[in-house]
Amino acid sequence: EGTEVFLDCLRNTAFPEGELDRARNEVIGEIRNQKTSWGRILYRRLAEAHFGTHPYALDPAGREEVVTRLNAEALRAFHRKHLRADRLVVGAFGTIEEEEILALLSEALGGLPAGGDPPAPPAPPPPPATGPITETYGFQQAALGWAYPGVALGSDDRHAIAVIDAI
């Protein structure tokens with residue numbers, strides 16, 4: 001039954017205004033709270049310095065002025081444009097057979113449109129900025145952070161980076 005509810009929500013997304021208002025207010029509250037969290041401020045400044053104008057530098061919570069403007073029709077239009085059968089990945093685990101879930105998904109999602117141009121991937125990030133970034137806020141704490149380029153997943157150096165990251 002849970003799978004059917006999930007698939008119905010995926011196919012028939014409504015974005016009711018009351019629910020949208022509640023979710024929008026939660027996100028705006030999160031964005032505002034970040035402005036008083038020295039840890040979040042540090043993280044944001046490091047991301048901006050390290051990734052510059054690349055999308056990796058964007059705040060995952062979004063910007064208040066953009067979230068404020070979101071409405072149900074804009075979300076439905078995004079949903080219609082981007083939900084494509086050939087771009088959808090569904091994960092399943094538990095006591096279910098592969099054939100059973102594939103049949104269920106095929107029946108439930110078979111009517112989704114396919115094709116269309118996928119969004120272009122972003123260009124690689126620019127080389128990171130180097131040197132210190134110093135900012136003063138009205139906090140009683142001090143925070144220190146650093147950012148450095150990572151390594152490829154298959155690199156032998158990934159274990160050393162994981163240890164450094166844990167320190």
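**Exercise 1. State what share of the 167 residues of the protein chain is buried.**

Solution. Start with the cut-offs: buried means under 20% relative accessible area, exposed over 50%, and partly exposed in between, with a 1.4 Å probe and protein chains only. By that rule, 16% of the 167 residues count as buried. Next, take the surface. The protein chain has an accessible surface of about 12700 Å². Carbon and sulfur atoms hold 59% of it. These areas come from the Shrake-Rupley method with a 1.4 Å probe; for residues, only the protein chains shown count as cover.

Conventions. This is a predicted model, in which local features need pLDDT of at least 70 and side-chain atom pairs count only at pLDDT 80 or more, while totals for chains, interfaces and linings use all residues. Residues are numbered from 1 along each chain as its sequence is written, and side-chain values use heavy atoms, with hydrogens and water left out.

**Exercise 2. Describe the fold and overall dimensions of the protein chain.**

Solution. Count elements: 7 helices and 0 strands. The order from the N terminus is α-α-α-α-α-α-α. Helices (H or I, at least four residues) and strands (E, at least two) are DSSP runs, numbered from the N terminus. Then the extent: the C-alpha trace spans about 55 × 45 × 35 Å along its principal axes. The radius of gyration is 21 Å, while a compact globule of 167 residues would have a value near 15 Å. That radius is taken over C-alpha atoms, and the globule rule is 2.2 Å times the number of residues to the power 0.38. Last, contacts, meaning heavy atoms within 4.5 Å. Of those with a separation of 6 or more, 77% join residues 24 or more positions apart.

**Exercise 3. Find the aromatic pair and classify its geometry.**

Solution. The structure holds 1 aromatic pair. The partners are Phe51 and Tyr56, 5.3 Å centre to centre with 85° between the planes. Apply the rule: rings of Phe, Tyr and Trp (its six-membered ring) pair if their centres lie within 6.5 Å; planes under 30 degrees apart count as stacked, over 60 as edge-to-face and the rest as tilted. The pair is therefore edge-to-face. Now the accessibility. Phe51 is partly exposed at 23%, whereas Tyr56 is exposed at 52%.

**Exercise 4. Is Gly91 buried or exposed?**

Solution. Locate Gly91: the loop between α5 and α6. Its relative accessibility is 72%, so Gly91 is exposed. The C-alpha atoms of Gly91 and Ile101 are 9.8 Å apart.

**Exercise 5. What is the phi of Phe15?**

Solution. Phi is near 50°, a positive value in a residue other than glycine. Phe15 lies in the loop between α1 (2-11) and α2 (17-34). With 25% relative accessible area, Phe15 is partly exposed.
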